[in-house]
Amino acid sequence: MSRFSARTGFSRTWNPLAQALAERRARGLPLLDLTETNPTRVGLPTPEPALLASPEALGYAPEPQGLLSAREAVAAHLARRGARVSPEHLVLSASTSESYSWLFKLLCEPGDNVLIPAPSYPLFEYLTRLEGVEARPYRLPRGHGFCLDVEEVAAARDERTRAVLVVNPGNPTGHYLHEGELEALGRLCAQEGLALISDEVFSDFAWDEEAGRVPTVAGRELPMLTFSLSGLSKVAGLPGLKLGWTHVGGPDTLREEALARLELVADTYLPVNTPVQLALPGLLAHAPRFQEALLARVKENRRRLLQARSREALWDVLPAHGGWSTVLRIPLALGEEPTCLALLDEGVAVQPGYFYDFPSAAFLVLSLLPPPDVFAAALAPLARVLDRSG
Ligand SMILES: Cc1ncc(COP(=O)(O)O)c(C=O)c1O
């Protein structure tokens with residue numbers, strides 16, 4: 001028997017819900033899938049495939065940070081969102097996930113830790129562990145509507161903490177970072193020598209306007225090293241094209257050192273594939289069309305969900321401000337998994353809150369991406385199961 005690293009020894013046992021879902025699919029039974037978050041499968045606009053067929057697509061330019069033309073396109077995209085950044089401070093990678101792995105290599109010794117929000121996107125546990133880094137959760141308090149509380153961040157820190165990770169807006173909680181929170185984070189990070197990693201993949205998907213919202217930390221004068229992450233996966237709904245970017249900010253000397261080291265890391269892996277880099281200006285020019293259609297979809301599905309809830313219902317749709325998902329609070333007595341299984345029996349797939357490390361077993365997560373007819377058809381069984389059991 002060969003020996004393998006402990007850090008790749010993840011549990012591969014399927015939970016009862018994943019098992020039930022696979023069985024339902026294998027039996028060919030109908031399914032209204034409110035766990036679908038793949039933007040290429042829900043009938044949203046896609047760009048011209050010809051964009052990828054540039055005559056230079058088979059060429060190769062060994063520029064570790066990515067082609068200047070591609071980085072200029074990202075800088076122009078950020079400028080349209082009010083962030084003035086230099087292409088020199090951008091590093092392209094094959095995805096946000098790859099950007100994370102480079103940042104953990106850059107910032108952490110094996111055994112160091114980074115602070116991650118809870119509840120949040122479950123992949124952080126994997127991305128950190130694969131780099132030999134510990135993910136230490138800090139709570140986004142329910143009482144604050146899952147907004148960031150810097151006291152919780154400070155309480156989670158120890159002497160091996162190297163960075164604080166924020167997801168802005170939260171996935172699946174949908175809350176944006178605000179000026180006061182960023183200021184407090186800046187003080188903590190500067191005082192303790194921590195970097196800020198800001199995951200902004202959903203930042204373009206705001207459902208409303210809010211005073212004091214921080215859509216991105218890119219281009220801001222901040223007292224600590226900052227990394228602002230996004231990519232085509234969400235911005236243009238093209239996860240299969242594999243292109244992400246990181247903006248590096250903060251005090252000049254720290255930023256220059258971080259960029260020099262990141263260049264070396266990037267060079268070790270060779271740059272992002274040429275066809276997507278050449279197509280990037282066109283793909284980002286298409287992004288507003290995709291985003292507009294997605295936002296209309298998400299808002300309409302959420303409106304219908306709110307409408308489907310009777311006034312006396314014991315379940316709630318949690319307030320939020322952006323993203324692709326929505327969170328329901330259900331009576332604790334129901335249990336997340338039994339509710340998900342009962343819904344699956346009715347042909348509706350949703351996710352339990354524990355996938356995202358919610359604080360108690362009383363939350364469900366629904367994707368707002370499904371086509372309106374699919375989403376609408378799921379609402380009657382959803383209300384029936386939640387009302388019946390409440
Ligand atoms: C918060 C968050 N960050 C990062 C990612 C991964 O993005 P990428 O496809 O660029 O690796 C996801 C994917 O769902 C996500 O939800």
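How many salt bridges does the rule find across the interface of domain 1 and domain 2? In this predicted model, the rule finds one salt bridge across that interface.

## Two domains and their interface

The domain assignment of the protein gives domain 1 as residues 15-45 together with 287-389, and domain 2 as residues 61-286. The centres of domain 1 and domain 2, taken over C-alpha atoms, are separated by 28 Å. Contact between them involves 31 residues of domain 1 and 33 residues of domain 2.

The size of an interface is often given as the accessible area lost when the parts come together. For domain 1 and domain 2 the buried area is about 2700 Å², with 62% of it on carbon and sulfur atoms. Between domain 1 and domain 2 there are also 17 residue pairs in polar contact, both residues being at pLDDT 80 or more. On the side of domain 1 that touches domain 2, the elements giving two or more residues are helix 9 (274-308), strand 10 (325-329) and strand 13 (363-367). Helix 9 gives the most to that side, with 10 residues.

## Salt bridges

Side chains of opposite charge can pair when their charged atoms come close. The structure holds 21 salt bridges, among them the one formed by the side chains of Arg139 and Asp357, with an N to O distance of 3.2 Å. Another is formed by Asp33 and Arg25, whose closest N and O atoms are 2.8 Å apart. In this pair Asp33 counts as buried, at 14% relative accessibility, whereas Arg25 is partly exposed, with a relative accessible area of 47%.

The side chains of Arg81 and Asp204 meet in a salt bridge at 2.7 Å, N to O. Because Arg81 lies in the loop between helix 2 (68-79) and strand 2 (90-93), and Asp204 in the loop between strand 6 (195-199) and strand 7 (226-231), the pair ties together parts that are 123 residues apart in sequence. Arg81 counts as partly exposed, at 29% relative accessibility, while Asp204 is buried, with a relative accessible area of 17%.

## The buried side of helix 10

In helix 10, which spans residues 336-345, the buried residues are Glu336, Glu337, Thr339, Cys340, Leu343 and Leu344. These residues are on the same side of helix 10 because they cover an arc of only 160° around the axis. An α-helix has 3.6 residues a turn, so residues three or four places apart point the same way. Helix 10 is followed by Gly347, whose phi is positive, near 85°.

Definitions and conventions: Residues numbered from 1 in each chain as written. Predicted model: local features only at pLDDT ≥ 70, side-chain atom pairs only at ≥ 80, totals over all residues. Heavy atoms only, no water. Buried < 20%, exposed > 50% of the residue type's maximum accessible area, 1.4 Å probe, protein only. Helix = DSSP H or I, 4+ residues; strand = E, 2+ residues; numbered from the N terminus. Arc of directions from axis to C-beta. Domains from an automatic or database assignment. Contact = heavy atoms within 4.5 Å. Buried area = accessible area lost by both parts, 1.4 Å probe. Salt bridge = Lys/Arg side-chain N within 4 Å of Asp/Glu carboxyl O. Polar contact = N/O pair within 3.5 Å; in protein donor to acceptor, adjacent residues only side chain to side chain.
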